[in-house]
Amino acid sequence: MVALAAPATPVASATERLLSARRLSKSFGGVRAVCEVDFDLQRGEIRALIGPNGAGKTTFVSLLCGRIRANAGTVEFCGDDITALPVHRRVRRGIAYTFQITSIFPNLTVLENVAIAAQNRFRADHFDARSEFDPGATLRRVGLEDAALRRAGALAYGHQRLLEAAMGLALNPRLLIFDEPTQGLSDGEIQRFCDLVVEANRSATILLIEHNMPVVMALAQRITVFDRGSVLAEGTPRDIQRNAAVQTAYLGA
Amino acid sequence: MTENAAAKPGANTNPAAGLKTAALYAAVIAALFLLQFALPEYHRLSVTRIMILAVFAIGYNVLFGYTGLLSLGHAMFFGAGLYAAGLSAYHLGWSVPLAFAAGVAAGALLALLVGCVALRTTGVSFMIVTLMFAQVAYLATLYFTGYTRGDEGLVLPQSSRSFYFFGALVDLTDPATRYNLSLLLLGIALAVVHRLVRSRSGRAMLAIRENEPRAQMLGYNTFAVKLQALVISGALSATAGAAYALLFAYIGSSFTTIQYSIDALLYTLLGGPGTLLGPVFGAFLMFYLVDIASQYTSAYLLVTGCALILLVLYFPAGIVGTIKRRWLPWLP
């Protein structure tokens, strides 16, 4: 199914840290969704975030991209403390998030969806994003160029997921966060998506929440395992596969 | 907002559609211009009023149709324009152009202040908050009755019935002058909103209407975009209010009642929210519906109510909106 040579790039050195979270916490009422998490991303890597349902993965990345405010802890991005920045300021610094539940502009055309995403590049706080934008090229990257003038809401589900990814790519981000991108996709679409992630990784660091293990194993250079709001384990795919605690969390004691 | 660069190519750059819309605007404006020679006096005055009300609805549509925010208090912006223009002409003796400018500025300023508070809410709360602000505005016109004469209102003095424009005397008591000034304002309002919805700010407004969390996640400061939309909307509504005061030389509290807020909403809904010509058609239709029905029965609201139900059933996106959706997708 997922026929991809695992990227063999060695993990970048610690000096090239793109993002780091320290003691990041979030509670909803009495429920501690994310609890004092320390987390680092190296520039240029593809990182997978896995864990059982309800482990706090989506909440955690929402704290990173600013969709949810943390109760405690800090987030640093490219050496700057962004903990206090609202979501749109973080996006302008180069953090893009694609939603778990498809979130597009259904009544606008596919092209307009991408154009709306891209026009903000001119305000980006990181200058490498302020390049000329070619919406056609972005749509070609995800294979939607023939659907450019169709209403986005009329696309098939898999194509809407690709459009969602295209909107993330159109921001030309430094960090691209995918939240369960392959959910509900066919095998062929999953393959296409994996190619897309590898291609996007040439210009962006990727953080991927994913349940599909073949996809995770094919793409990720490192894996972080979440369980009950904390990091249970972190390492290469091989390490994680052999980790006893991970097997317990996934398969039950 | 810092929207200096021209809109990027991409969306809405179909040249044929651009040409068709330009032709359509020209046809509408030309038709309205020619109409004045065919209409009897009574209807010429009605159409003059309708065109001003259409400007109000176009302003309302910027917020409701394009940004997706339903306000129930737009009478306060219409009223701000009406009173700022009327009071400055009446009490301070300001010339017509100056009073008009004061009206537009008052509407924009009021929208800015109200927006800073009201835009912290969305949906039903936003409707209630705008309704409350509008009620405060209405009560203020009654409270300061020493200046406004409340319900009874003020008739503007003869001195503000004419002005010089580059040396030429413009007489506002002349029906033809009033008609063409209204038409001019309508044309300007259409052009302004046409430009706006094709600009980057306009596209950001559409993005918020369609999916606000997504717009935020694409780096838009959605509060700032919504505030911008409200200020433009308020300024256009106040333009209509100021024109109404100065063209018809009367200001009174009745123009700031909820009735006027609802009218703006109805014109827009009827014509088609988020279409450029929808509010114009809506204003015409609604005005004449009430006008004709009231000639035959005192229960004219019942007739208009039934007509509205039929329209909602068969034209759910408004008249222009439904035509656009079903047959003519290039319509502005």
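## Helices α3 and α5 of chain A

In this predicted model, helix α3 of chain A, which spans residues 110–118, and helix α5 of chain A, which spans residues 157–170, have axes that come within 8 Å and cross at roughly 30°. Because angles under 35 degrees count as roughly parallel, α3(A) is described as roughly parallel to α5(A). The crossing of these two helices, α3(A) and α5(A), is right-handed.

On the α3(A) side, the residues that meet the other helix are V110(A), N113(A), V114(A), A117(A) and A118(A), and in α5(A) their counterparts are L163(A), A166(A), M167(A) and A170(A). Sorted by class, this contact of α3(A) with α5(A) contains 8 nonpolar residues and 1 polar residue, with no charged residues.

In soluble globular proteins, nonpolar side chains tend to be buried together.

For V55(B), when residues up to four places away in sequence are left aside, the residues touched are L185(B), L186(B), A189(B), L236(B), T239(B) and A240(B).

The secondary structure of chain A consists of 9 helices and 10 strands, and of the 253 residues in chain A, 48% are buried. Among the contacts in chain A that link residues at least 6 apart in sequence, 69% join residues at least 24 apart.

Where the two chains meet, 26 residues of chain A are in contact with 18 residues of chain B. On the side of chain A that touches chain B, the elements giving two or more residues are α2 (87–92) and α3 of chain A, and α3(A) gives the most, with 5 residues. By class, the residues on this side of chain A comprise 16 nonpolar, 6 polar and 4 charged.

## Helices α8 and α10 of chain B

In chain B, helix α8 (residues 200–210) packs against helix α10 (residues 222–248) at an angle of about 110°, and their axes are 10 Å apart. Since angles of 65 to 115 degrees count as roughly perpendicular, α8(B) is taken to be roughly perpendicular to α10(B). The crossing in which α8(B) passes α10(B) is left-handed.

This contact is made by S201(B), A204(B), M205(B) and I208(B) from α8(B), together with T222(B), V225(B), K226(B), Q228(B) and A229(B) from α10(B). Its residues divide into 5 nonpolar, 3 polar and 1 charged.

## Positive phi values in two loops of chain A

Most residues other than glycine have a negative phi. In N172(A), however, phi is near 50°, a positive value in a residue that is not glycine, and N172(A) lies in the loop between α5 and β7 (175–179) of chain A. Because 20 or more other C-beta atoms within 10 Å make a residue buried, N172(A), with 22 such atoms, is buried.

E180(A), which is not a glycine either, has a positive phi of about 50°, and its place is in the loop between β7 and α6 (187–200) of chain A. With 18 other C-beta atoms within 10 Å, E180(A) is partly exposed.

How values were computed. Residues numbered from 1 in each chain as written. Chains lettered and ligands numbered in written order. Predicted model: local features only at pLDDT ≥ 70, side-chain atom pairs only at ≥ 80, totals over all residues. Axes fitted to C-alpha atoms, helices over the stretch in contact; angles between N-to-C directions. Helix = DSSP H or I, 4+ residues; strand = E, 2+ residues; numbered from the N terminus. Parallel < 35°, antiparallel > 145°, perpendicular 65-115°, else oblique. Left-handed = near helix turned anticlockwise from the far one by under 90°. Contact = placed C-beta atoms within 7 Å. Nonpolar A, V, L, I, M, F, W, Y, C, P; charged D, E, K, R; others polar. Buried ≥ 20, exposed ≤ 12 C-beta atoms within 10 Å, placed from the backbone.
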